[in-house]
Amino acid sequence: MAGPRPFAPDLLDPSRFMATGLSAIFLQNRPALLRFLRARGAGEDSEDLLQDMWMKLEAKDLGPVADPLPYLYRMANNLMLDRYRSATRRERREQDWAEGAGGVMADPSEDIAIDDRLILNQRLEEARAVLRSLGPRVELVFRRFRIEGVGQRTIAEELGVSLTTVEKDLQKAYRAMIALKRKMDTE
Amino acid sequence: MNEEALGWVIRTRDPEFADWEAFTQWLEADSGHAAAYDALMMADAGLADILPDGAATIAAPANDPGQRGWRPVRWRGSWIAAGAVAAVLVAAISIGVMNRADIYSVTTKPGETRTIALDDGTRVEMNGGTTMRFDRHDSRFAALDSGEAAFMVRHDGSKPFRVTVGDAVFEDAGTVFNIVHSGHATRIGVSEGKVIYNPEAEAIALPAGRALSDDESGLRVMDIAADAVASWRHGRLTYANVPVTQISADIARSLGVRLTATPGAGTMRFTGTIRLDRDPERFFAGAAPLMGLTAVKQGDGWLLKEGDGPPR
């Protein structure tokens with residue numbers, strides 16, 4: 001099975017929530033959310049994004065939510081991440097078009113050739129080796145957090161170590177993994 | 001790499017994260033922060049391409065607050081024969097003298113068990129096909145070289161009991177636990193008290209109801225039902241989603257039979273309890289269908305293959 005999808009979208013699953021009045025909480029905290037979106041770099045689109053959120057909340061009738069405010073913040077954050085992602089993708093496509101001198105661009109996600117599959121497996125192996133080299137605890141912590149989507153507090157309890165230790169392990173693993181990914185992408 | 005931004009990526013990715021106000025303040029502190037955060041969040045998402053999918057561990061819905069999020073699967077509780085006492089009486093135990101005079105080794109054959117009582121009141125129950133080393137002058141030391149053993153340790157805080165397994169060390173903190181060691185894989189389950197894994201390195205604490213496994217796919221900790229720990233002492237094999245290859249190794253060790261599984265059968269997984277039986281014919285007649293498999297006698301051994309049940 002696949003690991004948790006990026007940006008913890010299951011937090012948006014309404015079935016896990018219990019309290020009431022998501023819309024009311026939204027209205028109460030509108031200024032704070034607006035401030036967050038501005039800080040997040042939404043600029044003059046901030047108001048529009050809030051409006052989008054409001055429409056979504058109303059249309060979806062999400063029902064009661066246990067921690068409504070963090071839920072709303074996360075929703076806003078995910079909107080920004082989506083924006084950033086599609087902007088990056090568009091940029092890249094335009095660049096590819098320019099470089100391709102008007103040729104027909106295939107959708108890169110369409111099908112994966114066998115060679116690519118081999119490279120993919122090789123990369124998985126390489127990533128596993130890098131993770132292993134950081135030591136068993138770092139590997140375990142990273143796996144629990146990033147692949148299985150478990151929170152840091154829970155991981156600390158499971159391992160009987162402090163929260164700070166878990167944080168440090170994660171920083172270490174992330175640094176190594178992101179550096180590896182960047183190296184692979186430039187190859 | 002922007003360390004602060006990385007810190008926020010990790011924090012906001014935590015399903016329990018709630019301090020969005022502090023995050024807002026950090027973003028406001030510098031107009032470059034949001035871009036650094038976005039870039040690292042993208043990098044984080046990109047990691048999905050090079051990470052294993054975690055299939056080996058079967059996670060429950062990650063954010064389900066009702067559970068701890070992780071129903072374990074890899075751990076296997078162990079089992080053994082109802083005739084354990086009889087087996088001890090007839091067991092041909094080889095006690096070899098190691099190069100150091102006070103270290104001695106004890107080996108049980110497949111299908112045999114043996115209880116070792118150490119001077120401090122600690123008891124070690126060895127399953128079949130197991131080799132261990134002990135120290136005549138240090139009753140707080142044991143080494144599990146291969147096989148499986150259950151430990152009932154008399155706790156002494158001033159002098160902890162330590163089991164070495166390959167390069168790893170398990171240190172008790174007043175404890176009943178079970179260890180299996182085969183090839184490069186080690187599994188431990190704790191049913192009472194607490195065990196510390198590698199106290200001088202990782203120092204992972206395993207309280208009762210927790211298990212740890214270390215094999216080619218990495219180190220994991222998980223839950224285990226306390227009564228599944230060392231259930232072999234009660235003539236049972238208890239499993240939660242365990243591959244048949246592992247189960248057949250346990251059966252072979254417990255009953256003293258040669259047992260192989262076809263590749264297809266070996267990758268299947270089983271959840272449930274298998275009652276052990278000294279009579280292999282009777283045992284396989286009951287156990288194989290339970291696993292959805294068929295057992296056939298081949299020469300002096302047995303073969304587990306995919307069942308003759310309805311085609312899937």
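A: What follows covers a sheet, one of its residues and a pair of helices.

Q: How should I read the numbering, and what kind of model is this?
A: Residues are numbered from 1 along each chain as its sequence is written, with chains lettered from A and ligands numbered from 1 in the order in which they are written. The model is predicted: local features need pLDDT of at least 70, side-chain atom pairs count only at pLDDT 80 or more, and totals for chains, interfaces and linings use all residues.

Q: In what order do the strands of the open sheet in chain B come?
A: The order is β16-β19-β18, with mixed pairing. Strands are DSSP runs of E of at least two residues, helices are runs of H or I of at least four, and both are numbered from the N terminus. Two strands pair if DSSP finds at least two bridges between them.

Q: Which strands stand at the edges?
A: β16 (258-261) and β18 (293-298) of chain B do; each has a single partner strand, so one side of each lacks a neighbour in the sheet.

Q: How many bridges join β18(B) to β19(B)?
A: Six, and the two strands run antiparallel. B:Thr294 stands opposite B:Lys305 there. β16(B) and β19(B), in contrast, run parallel and are joined by four bridges, with B:Leu259 opposite B:Trp302.

Q: Where do the side chains of β16(B) point?
A: They alternate: B:Leu259 and B:Ala261 point to one face and are buried (20 or more other C-beta atoms, placed from the backbone, within 10 Å of the residue's own).

Q: Is B:Arg258 buried or exposed?
A: B:Arg258 counts as exposed because it has 12 C-beta neighbours inside 10 Å, and the limit for exposed is 12 or fewer.

Q: What is B:Arg258 in contact with, sequence neighbours within four places aside?
A: B:Ala252, B:Asp300, B:Gly301 and B:Trp302; contact means C-beta atoms, placed from the backbone, within 7 Å. B:Asp300 is 42 residues away along the chain, with 7.1 Å between the C-alpha atoms.

Q: New topic. At what angle do α8(A) and α1(B) pack?
A: About 110°, with their axes 10 Å apart. Axes are lines fitted to C-alpha atoms over the stretch in contact, and angles run from 0 to 180 degrees between N-to-C directions. The two helices are therefore roughly perpendicular (65 to 115 degrees).

Q: Which residues meet there?
A: A:Leu170, A:Gln171 and A:Tyr174 meet B:Leu6, B:Gly7 and B:Ile10.

Note on methods:
Parallel < 35°, antiparallel > 145°, perpendicular 65-115°, else oblique. Contact = placed C-beta atoms within 7 Å.
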